[in-house]
Amino acid sequence: MTAVKAPARESAGRFVAVAKGRLQQLLAFASLVVISAFFSFASPYFFTYSNFTAVLFSTVVIGTLAIGTTFVIITGGIDLSIGTGMALCAVMAGVFIVNMDLPLVVGVVATILFGGLMGLVNGINIAVLRIPPFIATLAMMLVAGGLALVLSNSAPIYFSEDPSYTKISTGNLIPGVEFPNAVVVLIVAAAIAGVLLTKTLLGRYTYSIGSNEEATALSGIDVRKWKIAIYAFAGLFIGLAGIMISARLGSAQPATGMGYELQAIAAVVIGGTSLSGGKGSIVGTVIGALIIGVLDNGLQLMSIPQEWQNVVLGCVILVAVYTDILRKKEI
Amino acid sequence: MVTVEPQVASLPLLEVAGVNKTFPGVRALSDMHLELRAGEVLALVGENGAGKSTLMKLLSGIYTADSGLFQLAGEPLEITGPKQAMELGISIIHQEFNLVPHLTVAQNIFIGREPRRLRVLLDERRLVRDAQELIEGANLPLDPNAVVGGLTVANQQMVEIAKGLSHDPRVLIMDEPTAALSDAEVAALHELIRGFVRPDTGVIYISHRMEEIRRIADRVTVIRDGEYIDTVDVATSTTREIISMMVGRTIDGGNGPAGVRDDREVILEVTGLRTRSLLKDVSFDLRAGEILGLAGLMGAGRTETARAIVGADPVDAGTIALRGRPIRIAHPADAVRHGIGYLSEDRKRYGLLLDKDVKANIALAALRNRFTTAGFVNDRAARAEAAEYVDSLRIKTPSLDQTAKFLSGGNQQKVVIARWLVRDCDILIFDEPTRGIDVGAKEEIYQLLNELAERGKSIIMISSELPEVLRMSHRVVVMSEGRVTRILTAAEATQESIMHYATLRPDENVEDAVELGLDPVELGLEPVEGEHS
């Protein structure tokens, strides 16, 4: 009854379609390999286990932010508030854990939920008040950056009394094996996000809204509600990033954060997610974040000044997006 | 009928001979011929995918031919781009508008070649004057200072035409110029075309509408599958002959439906629907298994009625009852929950997820209630169901993973229909179900609508094509200026009766009466609404 006719042809067509959809990811992965190979030759320190974990470790914060933002960007939106939002969440972690002396787990959960709350506000502003995402999240970026300074009196909050807090980032899950917890967190977060994006209603509607919002609404999907849900969900990753950065530093730095949003968006874009919405993947985003991490690390190892790293990153973004445009023309 | 002046008869105005064009994997045109005589209107017909648009793109220089000959009045033509095509005297009015909505009519007409002073300063006064001259010369109902975005679709079409005429072309090519026009507007357009055709100019008129071609064209060239089939005089060939040349087989005409379905249960009852923008007191009912035609001119409020019913636009007043029970619809999600699906006239904008595959498009509306367990989507079930509908609706697609934008118009329409069938909607509102769909596929859509009605689904069909309304509808709701002016039974409905009620202008007395809360029908200012009780 439900058998599909000509299964062989059907699955071949399916394979081609899937391969086409994955091409940008494959390209991103290939460039990651090429860049890594280049640095392996350029520096004897690059291709070592300790450097491998160092790259992963340095990718965690950008990667976490980028994963949440991938959802937002697939809907055709943008989130500029993730950078300062992360700083605000880090401060909130300090408030919860240091100032209010809440148990660690409660403080961490509360911080992540606080990130979700920021996303919720963004979502309401965008979906209900119909403020364009760029403007709504630009405003949130300023509000969050300001609140981070206000709540901390513009001074860092140190987690010195809670040494276990930094273990969230720098500890090792398996004692003796040099593999930082932060990387485990990133992998788990990416896996959960990947499953949600590809296997659940939330993910499916994320793509549908980005592909054609009006058609999705006319198909009986409450687009407002789902958009709010998507922004709130993405906000959880801002909270998580706030935990990860403050745990790594052992302190909540209220003035950092600005600039992270653009790096995260760059990672998403390099990973093949279209800013016009409708397509993208978590795998691509993680690869994009890794490319940024590898560039950062490799250029440092080659003693190339910090200033040049952004120049290179900018060029990488242009190349990545242009290959995507070329690819679309071919089809 | 063919009134070619003897002295120019020897040389065709525009000649296309032996043209080939191949795209990777597709032979779009092979040995194509076309001959436009001076002083004539030549219709170009063919199913979607026959090669009409490829030919147009060759003539406008968007594509380059692999081989073949183009001649304008005996001179070989070398077309390198749209701008150059215009300079050579070939103006093409594309089906999809290329207008800047925020600019005025005059600014749009002369976009890219604005009159200037001292090379840099725009000469707005001359711009408006030139536009005014052009508009008056062609007798167009346009104000050069009006902002294009605020115009009706018909008037936007007129702006496109004015733009085309502003180049003083010898050959005017119109691609489906009437797809968005009501019959009255079509008549005005035809008037304009007749005014344009002189002994040294000609028009190529691409259309799917046979009755229009009969009215305006002298000859008709038929192409099929990228090949030239034949050119015949319109006066001496029947519509059926032309259509069978297009599709390569004989088409069964099919006659009107079997009549009123008075005995059936009333499924949907709309009473006193009113919106701020347009609708005033729209009331009608819909029965099980009925196809209810919704006819009217452009701007009569047909699409607005549909959108108001499904909650896509805000409603000021009115009630909607489903099987006798009043329901509240604030959002399309409510309508869908009650089993009401709307299929927009603009499939690309409001219907399809163009860059998603066929199965995602079919599953979209039913995803939540049929293919999701605990938030997780059951792709296998969605896929199997989509495959069934691809089969049963005869959707032509290489696979379920084909991207929707690569399907033909007819198959895209079927994908959207499948979406609502998977969702198990009992009431389907089709807005211009066959717009932009070729003749063969149209027949299939008609058959499908009839099958759906047979199965007990209730259908509201909005259409600007009167033959379509007459052929398909059990009853016809006729609207004019936001009101229902009459509900006709299949027996009462004729082209003339529909046009009569569609052009009925409720005068100020009626307006006043309505404002005062009086019933204009009782006052004898408006015809009695509806025959049913």
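Predicted model: local features only at pLDDT ≥ 70, side-chain atom pairs only at ≥ 80, totals over all residues.
Strand β3 (residues 41–45) of chain B runs parallel to β10(B), and four bridges hold the pairing together.

- Is β10(B) mostly covered or mostly open? It is mostly covered, with five of its five residues buried.
- Gly202(B), Ile204(B) and Ile206(B) point one way from the strand, while Val203(B) and Tyr205(B) point the other way; all of them are buried.

**The whole sheet in chain B**

- These strands belong to an open sheet of six strands with mixed pairing, in the order β6-β9-β10-β3-β11-β12 (chain B).
- Which strands form the edges? They are β6 (90–93) and β12 (227–233) of chain B, each of which pairs on one side only.
- On average, and ignoring direction, neighbouring strands of this sheet are turned by 20 degrees against each other.
- As a reminder, strands of a sheet pair through backbone hydrogen bonds, either parallel or antiparallel.

**A helix pair in chain A**

- Helix α2 (residues 49–74) and helix α7 (residues 181–199) of chain A pack with their axes 9 Å apart, at an angle of about 30 degrees.
- Angles under 35 degrees count as roughly parallel, and α2(A) and α7(A) are therefore roughly parallel to each other.
- The crossing of α2(A) past α7(A) is left-handed.
- From α2(A), the residues making the contact include Leu56(A), Phe57(A), Val60(A) and Phe71(A); from α7(A), they include Val185(A), Leu186(A), Ala189(A) and Leu197(A).
- By class, this contact of α2(A) with α7(A) has 13 nonpolar and three polar residues, and no charged residues.

**Where chain A touches chain B**

- How many residues does each chain bring to the contact? Chain A gives 26 residues and chain B gives 34 residues.
- In chain A, α1 (7–42), α8 (201–211) and α9 (213–218) each supply at least two residues of the side that touches chain B.
- The largest share of that side, six residues, comes from α8(A).
- By class, the side of chain A that touches chain B has nine nonpolar, nine polar and eight charged residues.

Key: Residues numbered from 1 in each chain as written. Chains lettered and ligands numbered in written order. Contact = placed C-beta atoms within 7 Å. Nonpolar A, V, L, I, M, F, W, Y, C, P; charged D, E, K, R; others polar. Pairing = 2+ DSSP bridges. Axes fitted to C-alpha atoms, helices over the stretch in contact; angles between N-to-C directions. Buried ≥ 20, exposed ≤ 12 C-beta atoms within 10 Å, placed from the backbone. Parallel < 35°, antiparallel > 145°, perpendicular 65-115°, else oblique. Left-handed = near helix turned anticlockwise from the far one by under 90°.
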